[in-house]
2 protein chains.
Amino acid sequence: MKNGTDLIKDLSISSPSKIVMLVIDGLGGLPDPHTGRTELETARTPNLDALAAGGICGLADPVAPGVTPGSGPGHLALFGYDPVSSNIGRGALEAVGIDIELQPGDVAARGNFCTIDSKGIITDRRAGRISTEKCAELCKILDGISIDGVKIMVYPVREHRFVTVFRGKELNPELTESDPSRTGVAPESITAEHPEAAGTANIANKFVDEAKSRLAEHKPANMILLRGFAKKPRFPTMQEIYKLNPLAIAVYPMYRGLARLVGMEVARTGTTLEDEFKTLRDNYNKYDFFFLHVKWTDSAGEDGDFARKVKVLEQVDEALPDLTSLGPEVLAVTGDHSTPAVLKGHSWHPVPVLLCSKYCRTDAVKAFSESACVAGGLGRIQSADIMPLAMANALKLTKFGA
Amino acid sequence: MKNGTDLIKDLSISSPSKIVMLVIDGLGGLPDPHTGRTELETARTPNLDALAAGGICGLADPVAPGVTPGSGPGHLALFGYDPVSSNIGRGALEAVGIDIELQPGDVAARGNFCTIDSKGIITDRRAGRISTEKCAELCKILDGISIDGVKIMVYPVREHRFVTVFRGKELNPELTESDPSRTGVAPESITAEHPEAAGTANIANKFVDEAKSRLAEHKPANMILLRGFAKKPRFPTMQEIYKLNPLAIAVYPMYRGLARLVGMEVARTGTTLEDEFKTLRDNYNKYDFFFLHVKWTDSAGEDGDFARKVKVLEQVDEALPDLTSLGPEVLAVTGDHSTPAVLKGHSWHPVPVLLCSKYCRTDAVKAFSESACVAGGLGRIQSADIMPLAMANALKLTKFGA
């Protein structure tokens, strides 16, 4: 955790004031070459602009200048954790992303169904992108295998992708991958990166052999590839660090899973922005911290759909009064990273952030946008600074030293 | 030390150039809700504004974004030390604050005179806030007790508060407190947090027993409570790190004590701002670094007296030509933290900082204020960066690496 988990933990106190953190996924953008304006600068956002005018703005680096974060590090930074030392292994993140509750000691891995020829050579790493339904069917064939006292669970993700979880004693995730990341060669044998992982490597290889035999008649999905072996990370929870009673409101499982990893309760909600805002309203009296996650900006950015990202931003802006009328003592609006439509993916650009509270010391910024935030009173901060700032503005941090 | 004590120590050289660090305690503020202007933005400060116009400005976080510092961490950061790893224990800071020179090995604690009833239950943790004179009288009764070869000194602070110093061999401050922080219960027995502190715990408890017996007839001050056991911290001095010959000019003992902890010589001075500036003038030829501390801005902020804080700022501004006419090669003006009158206490808001030197690379800032400093050339820095910047501008830091 940036600033030291221990320091903030020592200073945090519980109080009735409420903090809302609105995370607009992939918020930051890049200018449309024709207009010179980013998605956020193109969108009509009178409510966000009013918040910017009354609050304090800035730009935040989720990890470090130049570093493009995935959703895991992006969100952990927003929750106040050091995104580098708290990084979650791929397999564990994938499991979290489909709402699997990993147990301590479990080793999770990402899997692909793939196609091999009669000589065992990979001809398609994605098994022709089989349907998600077919994937679920095949996962059932592999699910529940036991090897040397270790139980292996297999969960479908999407198309050819699945997650496998090894549950048993003394499992160690320090393993090489079986996926050679190319066709024309055979899957690789899984090897231990440390002597203590030898037993786990052996079990993983036996599982792959068993899968191969069970899938023999299921061409194109007649083999599996495993990668990203990882254990569930151990974090201090947000309750422990901040003495908060936090609620997560998110439509997509990845963000629900990340919130659960840091101890948040996860609300039942619907599938739309309106559902999420209603869930916040319905639960407002029961919690003192709310993480509200808006996914569709990122999806539009990933699709390179500038106009759709603009539209989602306008929808968020329209829904805002529903949130601000609740009168939270602190409202922070930011993203977990930038997803410029022109790049069709996550990027390293720092993310606009705005913070509203009675004590925020407002600045001269009058609009919520990348270019306006450059001149904001927060300056260029790290995303992991946002939680301590929100806590301070909610008067939930005591003085350090006499 | 931020940037690494070792790095700056390796680069520092002695030279005739002079640095003045003017610390306006609790400098940063928040807007008056009626005018929208902070204390510094309300005050008429033509001299500070001229310095801002010719110098380079910015905002500094004493500890980290969101963290409200006490005077100890706030000043250690200004002197270039990492305020977290250099944090001073409460008892030691209280001793420093009344000009007691702790020796290595001493264990200091904060004390309260309190009232207990006939059953030993605390009825008033502050003994009715006895007068400072009465406190001094009672301290004499307890001062100088010896227990198992350890001498115990007791010094009055103010009203019911005192400091006690245990001097002897192998003392260990890792002790619990005797103050239960509430009435209706008996004082707690002091226990060792580590086995090596068992002997010190025993001595401390014997001292409390002896104090109880000596104070029996002095109700309401018929018992004591001890907390914040701490040793004098060990820092490299400013002479060692910066090769400076530093002088501290401060009216209040806390700041004289903090300066002494980092090796500064402490000037005799009077009780007013004018006295302090005269002391600087009188000593200007004999030193190459001057820490000049102005307390009254913080006091006014703590009292919630916006107008008085404004007035003190104007007084500092009026006195400034007396300082600038000396022509120091580097003048840094900042605070150890913010103390907004609207919060009536220290706060987490970053502190305006201005640095003047021939080589500072001036920016567009024309006024010394929170909002103007947002756009300053220094950006948002850490307070511990200010000393290295001052040293560099005084041409007292050599090149790092070839």
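Select strands E5 and E6 of chain A: E5(A) and E6(A) form a hairpin with 2 residues between them, and A:Asp148 in the turn has a positive phi of about 50°. Helices (H or I, at least four residues) and strands (E, at least two) are DSSP runs, numbered from the N terminus. What you have open is a predicted model, in which local features need pLDDT of at least 70, side-chain atom pairs count only at pLDDT 80 or more, and totals for chains, interfaces and linings use all residues. Residues are numbered from 1 along each chain as its sequence is written, while chains are lettered from A and ligands numbered from 1 in the order in which they are written.

**Stop 1: the hairpins of chain A**

Stay on the hairpin you just picked. Strand E5 (residues 145–147) of chain A pairs with strand E6 (residues 150–158) of chain A in the antiparallel sense, over 3 bridges; two strands pair if DSSP finds at least two bridges between them. To get your bearings, find A:Ile145, which stands opposite A:Ile152 in E6(A).

Now follow E6(A) onwards. Strand E7 (residues 161–167) of chain A runs antiparallel to E6(A), and 7 bridges join the two. These strands also form a hairpin with 2 residues between them, and here A:Glu159 in the turn has a positive phi of about 50°. Look for A:Arg158, with A:Arg161 in E7(A) opposite.

**Stop 2: the open sheet of chain A**

Next, colour the strands of the open sheet in chain A. There are 8 of them, in the order E10-E9-E11-E1-E12-E13-E2-E14, with mixed pairing. Strand E10 (265–266) and strand E14 (379–382) stand at the edges, each with a single partner strand, so one side of each has no neighbour in the sheet.

Zoom in on strand E9 (residues 246–250) and strand E11 (residues 289–294) of chain A, which pair in the parallel sense over 5 bridges.

**Stop 3: a cis proline in each chain**

Select A:Lys219 and A:Pro220: a cis peptide bond joins them, with omega about 15°. A:Pro220 sits in the loop between helix H7 (198–215) and strand E8 (223–231) of chain A. Over in chain B, B:Lys219 and B:Pro220 are also joined by a cis peptide bond, with omega about 15°. Most residues other than glycine have a negative phi, and most peptide bonds are trans.

**Stop 4: inside chain B**

Is B:Ala127 buried or exposed? B:Ala127 is buried, with 27 other C-beta atoms within 10 Å. The cut-offs are 20 or more other C-beta atoms within 10 Å for buried, 12 or fewer for exposed, and partly exposed in between, with C-beta atoms placed from the backbone. Its phi is near 50°, a positive value in a residue other than glycine. B:Asp148 has a phi near 50° as well, but B:Asp148 is exposed, with 10 other C-beta atoms within 10 Å.

Move on to B:Phe166 in strand E7 (residues 161–167) of chain B. B:Phe166 counts as buried, with 23 C-beta neighbours inside 10 Å. Leaving aside neighbours within four places in sequence, its contacts include B:Asp106, B:Val150 and B:Ile203; contact means C-beta atoms, placed from the backbone, that lie within 7 Å.

In helix H10 (residues 273–283) of chain B, select B:Glu276, B:Phe277, B:Thr279 and B:Leu280, which are buried. They cover an arc of only 155° around the axis, which puts them on the same side of H10(B); the arc is that of the directions from the helix axis to the C-beta atoms.

**Stop 5: where the chains meet**

Finally, show both chains. The contact takes 27 residues from chain B and 22 residues from chain A. On the chain B side, the largest share, 3 residues, comes from H4(B). Only 7% of the interface residues of chain B are also interface residues in chain A, so the copies meet through different surfaces.

Note on methods: Contact = placed C-beta atoms within 7 Å.
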